[in-house]
Amino acid sequence: MSGASSGEPDKAGGQREVDDSSLTFPDASRLELDQLLSQLVGRAQEVMATQGRLRGLLRANQLIIGGLELSAVLRRIVEAARELVGARYAALGVVSPGGGLAEFIHSGMPADAVEVIGHLPEGKGLLGALIDDPRPIRLREITDDPRSAGFPSGHPPMHSFLGVPIRIRDEVFGNLYLAERGGGAFTAEDEELVKALAATAAVAIDNANLYASARLRGEWLQASAAITRQVLATEGSPIYPLRRIAERTKQIADADLVTVVLPDPDDDDELRIDVAVGLAAASLVGIRLPARGTLSGEVLATGQPLRLVSPGEGGAPLSPTAEVVDIGPVLAVPLNGSTRVHGVLWTARAPGRTPFTADDLDMAGSFANQAALAIELAEARAEQQRAAMLQDRERIAADLHDHVIQRLFAAGLSLQGAAAQVGTGPATDRIVRVIDDLDTTISQIRTTIFQLQRPPGTTATSIRARLLDIASQVTPALGFEPGVRFSGVIESRVPDDLAEDLEAVLREALTNVARHAHARSADVELTVTTDSVVLEVGDDGMGIGEPIRTSGLANLRTRAERRGGTMAVVAVKPTGTRLCWSVPLTAAGPTGGD
């Protein structure tokens, strides 16, 4: 049908002509409408895309906050960032307190490429620029930026780049690195999305750190309780509790080496490694180091802990351990006792590992107090045992003096009376020999009483004590303990210079017995009369024989002759040798009163 009109029914049922020219739009209006519709569709698509990316951000946030294990959280952050902006490669670098990167978690890199590249990035080039100036970096082409340091051999090509820092409060924890966005360069919108993701990541990392710190603190507390029980239950030396403390410290602090450094009991200017657990532990035990000019000596003197990224950071040398094992981050905490610092607990990790934190230092310091408790408890027990032993010695010495010696004296006097009644003859000779044996026994008991009354470990000052010490020192070489007897007033009559000669003579004589006599017993007797000092040393060995070297005996003879005395060495029947060294007391020097 043609025409500009068409019919439509009217109220009477007929047809009415209608003009359809009013429904026709001009070309200009139609173009504007098409543009509006196109813009509306484009905006709708943008809204839908933005909504999709926001949903992606929400999914990424949910993925990140899904756990509390730090290593797993970091891995999820990398995966979520890569998926959020459609990047081929993503990584998270944890900033080291000493500069550079302590950890580098990456995603998207093929395993064979990782193997070819070798070591992970250390924080140079663009990665280092983001560490030095923690502000977002967005590049269309990486190589166009002058801060780019290039890629190592075997590294896949990368063009577009986006880097965003992760801040935990006022501290930069690390940086997110993204490369090779699918579809072109990274946009400002990508940057905003990754910044929003980094904020969520910071919260998740902070929560993971707090969780790890709380769990670690709980482990330290449990270990402290266990060590306290062991210390209270352990008798004797503190070395076993100290070793258990070192083992638990190594385990909880995730360390590679733990040592306990204590002052050398024989030298105030030296320290000694008494306990070592971990790397090269067997080679470290017993090493000595100066108390001055070392970090160990500094911690011991000041009682203040140290936390170092590397041993060289403190300026002073750590210890001779550097010659035995290479170490990295270290903690040094003092073993603070109630009145003094007992030593230093060193905790070390291998070079390149994550440094210790302030929380590590705080918890290790608290745990180290258990080591101080072990030392003080062992010292208190040793002092208690020493006091009990001295009390027993005093009691035994008093009993020997008040009962045994008195009874022997009484027995000797009775025998002397019996000998006088019997008269001369074989029986009297036997009684006299018994009386001499009683005198010898009384002299030996007096020496024993003197040894009992002398506290163990004290420095010898009297002549008796000095000679007894020499006998004890030579005992291991002899294979037996020589008998030592004293007769007469010794301390007030023998001057100091003569006492030095007596020490030299006794040491040389007993050493000769140990080297040449092959004896089973030896006896020493020092007799001081009003006019002479006589030192005799006898043994039951193989006799004098033909001397090979006489320099030692010649020196003893010279000492005697210089004082106007004599020295003689004679054979004893059936076997043995007896050395007699005698000097006049008047020639020995001035004497004092009794």
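User: In this predicted model, where does Gly479 lie?

Analyst: Gly479 belongs to the loop that runs between helix α11 (463–478) and strand β14 (483–487).

User: Is Gly479 buried or exposed, and why?

Analyst: A residue is called exposed when its relative accessible area is over 50%. Gly479 has a relative accessibility of 65% and therefore counts as exposed. As for its surroundings, Arg520 is 41 residues apart from Gly479 in sequence, while the C-alpha atoms of the two are 8.0 Å apart in space.

User: How should I read the sheet that contains β5, and in which order do its strands come?

Analyst: The strands of a sheet pair through backbone hydrogen bonds, in either a parallel or an antiparallel sense. Here five strands form an open sheet in the order β4-β3-β7-β6-β5, and the pairing is antiparallel. Its edge strands, β4 (101–107) and β5 (137–139), each pair on one side only, and neighbouring strands are turned against each other by 15 degrees on average, with direction ignored.

User: How many bridges join β5 to β6?

Analyst: Three bridges connect β5 with β6 (residues 161–168) in the antiparallel sense, and Ile137 has Gly163 of β6 as its bridge partner.

User: Which helices pack on this sheet, and which strands do they touch?

Analyst: Helix α2 (residues 70–85) packs on the sheet and touches β3 (87–95), β4 and β7 (171–181), its direction making about 145 degrees with that of β3. Helix α4 (residues 125–132) also packs on the sheet, where it touches β3, β4, β5, β6 and β7, and its direction makes about 145 degrees with that of β7.

Definitions and conventions:
Residues numbered from 1 in each chain as written. Predicted model: local features only at pLDDT ≥ 70, side-chain atom pairs only at ≥ 80, totals over all residues. Heavy atoms only, no water. Helix = DSSP H or I, 4+ residues; strand = E, 2+ residues; numbered from the N terminus. Buried < 20%, exposed > 50% of the residue type's maximum accessible area, 1.4 Å probe, protein only. Pairing = 2+ DSSP bridges. Axes fitted to C-alpha atoms, helices over the stretch in contact; angles between N-to-C directions. Contact = heavy atoms within 4.5 Å.
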